[in-house]
Amino acid sequence: MIKKTLLLIFFTGLLFANDTNKFNEGKQVFDKWCIHCHGIGMPATDALSIVYKDTEISPVLEERKNLDKSFIEYVVRNGRFSMPFFRKIEINNKQLESLAFYLSTKNR
(Lines give C-alpha, C1' and ligand atoms only; values in the text may rest on other atoms or scores of the structure.)
Protein backbone atom coordinates (compact mmCIF):
# COMPACT_ATOMS: atom_id res chain seq x y z
CA MET A 1 0.00 0.00 0.00
CA ILE A 2 2.79 2.42 0.90
CA LYS A 3 4.66 1.59 -2.33
CA LYS A 4 1.57 2.34 -4.42
CA THR A 5 1.06 5.64 -2.61
CA LEU A 6 4.71 6.62 -3.10
CA LEU A 7 4.55 5.69 -6.80
CA LEU A 8 1.38 7.74 -7.21
CA ILE A 9 3.02 10.75 -5.55
CA PHE A 10 6.15 10.29 -7.69
CA PHE A 11 4.26 10.09 -11.00
CA THR A 12 1.96 12.96 -10.04
CA GLY A 13 5.08 15.02 -9.37
CA LEU A 14 6.49 14.08 -12.77
CA LEU A 15 3.27 15.11 -14.51
CA PHE A 16 3.21 18.41 -12.65
CA ALA A 17 6.88 19.05 -13.49
CA ASN A 18 6.18 18.26 -17.15
CA ASP A 19 3.24 20.69 -17.19
CA THR A 20 5.39 23.34 -15.50
CA ASN A 21 8.13 22.88 -18.10
CA LYS A 22 5.60 23.02 -20.94
CA PHE A 23 4.02 26.15 -19.45
CA ASN A 24 7.41 27.87 -19.08
CA GLU A 25 8.47 26.93 -22.60
CA GLY A 26 5.14 28.25 -23.90
CA LYS A 27 5.77 31.56 -22.14
CA GLN A 28 9.21 31.74 -23.77
CA VAL A 29 7.72 31.09 -27.21
CA PHE A 30 5.06 33.75 -26.59
CA ASP A 31 7.70 36.26 -25.50
CA LYS A 32 9.84 35.55 -28.56
CA TRP A 33 7.20 35.42 -31.31
CA CYS A 34 3.88 36.82 -30.09
CA ILE A 35 4.27 39.60 -27.55
CA HIS A 36 5.47 42.11 -30.16
CA CYS A 37 1.97 42.13 -31.65
CA HIS A 38 -0.14 40.66 -28.84
CA GLY A 39 1.30 42.50 -25.84
CA ILE A 40 -0.55 45.32 -24.11
CA GLY A 41 -0.77 48.37 -26.37
CA MET A 42 0.52 46.45 -29.40
CA PRO A 43 -1.14 46.42 -32.85
CA ALA A 44 -2.89 43.03 -32.68
CA THR A 45 -4.17 43.73 -29.19
CA ASP A 46 -5.49 47.11 -30.33
CA ALA A 47 -7.21 45.43 -33.31
CA LEU A 48 -8.73 42.76 -31.06
CA SER A 49 -10.01 45.45 -28.72
CA ILE A 50 -12.13 46.72 -31.63
CA VAL A 51 -13.32 43.20 -32.49
CA TYR A 52 -14.26 42.45 -28.86
CA LYS A 53 -15.68 45.89 -28.07
CA ASP A 54 -18.73 45.69 -25.80
CA THR A 55 -17.99 42.07 -24.85
CA GLU A 56 -16.41 40.42 -21.83
CA ILE A 57 -13.57 39.04 -23.99
CA SER A 58 -10.13 40.48 -23.30
CA PRO A 59 -8.10 41.55 -26.34
CA VAL A 60 -4.93 40.60 -24.40
CA LEU A 61 -4.21 36.95 -25.22
CA GLU A 62 -2.41 36.31 -21.94
CA GLU A 63 -5.53 37.43 -20.04
CA ARG A 64 -7.98 35.24 -21.98
CA LYS A 65 -9.80 32.43 -20.23
CA ASN A 66 -11.50 30.92 -23.26
CA LEU A 67 -8.65 30.00 -25.61
CA ASP A 68 -8.65 26.45 -26.92
CA LYS A 69 -5.38 24.65 -27.66
CA SER A 70 -6.47 23.40 -31.07
CA PHE A 71 -7.66 26.89 -32.09
CA ILE A 72 -4.31 28.41 -31.06
CA GLU A 73 -2.39 25.76 -32.99
CA TYR A 74 -4.56 26.29 -36.07
CA VAL A 75 -4.17 30.08 -36.06
CA VAL A 76 -0.41 29.93 -35.52
CA ARG A 77 0.05 27.48 -38.42
CA ASN A 78 -2.48 29.05 -40.81
CA GLY A 79 -2.68 32.70 -39.81
CA ARG A 80 -5.90 34.64 -39.42
CA PHE A 81 -6.95 37.98 -40.85
CA SER A 82 -3.75 40.09 -40.78
CA MET A 83 -1.82 37.64 -38.59
CA PRO A 84 0.77 35.73 -40.60
CA PHE A 85 1.22 31.97 -40.32
CA PHE A 86 4.33 30.55 -38.67
CA ARG A 87 6.28 27.76 -40.32
CA LYS A 88 7.68 24.74 -38.46
CA ILE A 89 11.19 26.16 -38.89
CA GLU A 90 10.09 29.21 -36.89
CA ILE A 91 7.90 27.56 -34.25
CA ASN A 92 8.34 23.79 -34.24
CA ASN A 93 5.54 21.42 -33.22
CA LYS A 94 6.83 20.97 -29.66
CA GLN A 95 7.07 24.73 -29.18
CA LEU A 96 3.61 25.20 -30.67
CA GLU A 97 2.18 22.60 -28.30
CA SER A 98 3.82 24.44 -25.38
CA LEU A 99 2.53 27.81 -26.59
CA ALA A 100 -1.00 26.44 -26.92
CA PHE A 101 -0.74 24.88 -23.45
CA TYR A 102 0.48 28.17 -21.97
CA LEU A 103 -2.27 30.32 -23.49
CA SER A 104 -5.06 27.82 -22.87
CA THR A 105 -4.19 27.17 -19.20
CA LYS A 106 -2.69 30.46 -17.98
CA ASN A 107 -5.87 31.88 -16.48
CA ARG A 108 -7.82 28.76 -15.64
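Author: Start with ring pairs. Rings of Phe, Tyr and Trp count as a pair if their centres lie within 6.5 Å. This model is predicted. A search of the whole structure finds 3 aromatic pairs.

Reader: Why is the pair of Phe23 and Tyr102 called edge-to-face?

Author: Take the centres, then the planes. The ring centres of Phe23 and Tyr102 are 4.9 Å apart, and a pair needs centres within 6.5 Å. Their planes stand at 65°. Edge-to-face means over 60 degrees. So the pair is edge-to-face.

Reader: What parts does the pair of Phe23 and Tyr102 tie together?

Author: Phe23 belongs to helix H1 (residues 2-38) and Tyr102 to helix H4, so the pair ties together parts that are 79 residues apart in sequence. Ring pairs also link Phe23, Phe30 and Tyr102 into a cluster.

Reader: How do you know whether Phe23 is buried or exposed, or in between?

Author: Phe23 has a relative accessibility of 26%. Buried means under 20%, exposed over 50%. Phe23 falls in between, so it counts as partly exposed. Tyr102 has 2%. That is under 20%, so Tyr102 counts as buried.

Reader: What makes Trp33 and Phe86 an edge-to-face pair?

Author: Their ring centres are 5.6 Å apart and their planes lie at 75°. The angle is over 60 degrees, so the pair is edge-to-face. Trp33 sits in helix H1, Phe86 in the loop between H3 and H4, and they are 53 residues apart. Trp33, at 28% relative accessible area, is partly exposed. Phe86, at 13%, is buried.

Reader: Which residues make the contact between H3 and H4?

Author: From H3 come Lys69, Ile72, Glu73, Val76 and Arg77. Those from H4 include Asn93, Leu96, Leu99 and Phe101. The contact residues divide into 7 nonpolar, 2 polar and 4 charged.

Reader: How do you know whether Pro43 is buried or exposed?

Author: Pro43 has a relative accessible area of 54%. Exposed means over 50%, so Pro43 is exposed. Pro43 is placed in helix H2 (residues 43-51). Leaving aside neighbours within four places in sequence, Pro43 is in contact with His36 and Cys37.

Note on methods:
Residues are numbered from 1 along each chain as its sequence is written. This is a predicted model: local features need pLDDT of at least 70, side-chain atom pairs count only at pLDDT 80 or more; totals for chains, interfaces and linings use all residues. Side-chain values use heavy atoms; hydrogens and water are left out. Contact means heavy atoms within 4.5 Å. Helices (H or I, at least four residues) and strands (E, at least two) are DSSP runs, numbered from the N terminus. Ala, Val, Leu, Ile, Met, Phe, Trp, Tyr, Cys and Pro count as nonpolar, Asp, Glu, Lys and Arg as charged, and the others, Gly among them, as polar. Buried means under 20% relative accessible area, exposed over 50%, partly exposed in between (1.4 Å probe, protein chains only). Rings of Phe, Tyr and Trp (its six-membered ring) pair if their centres lie within 6.5 Å; planes under 30 degrees apart count as stacked, over 60 as edge-to-face and the rest as tilted.
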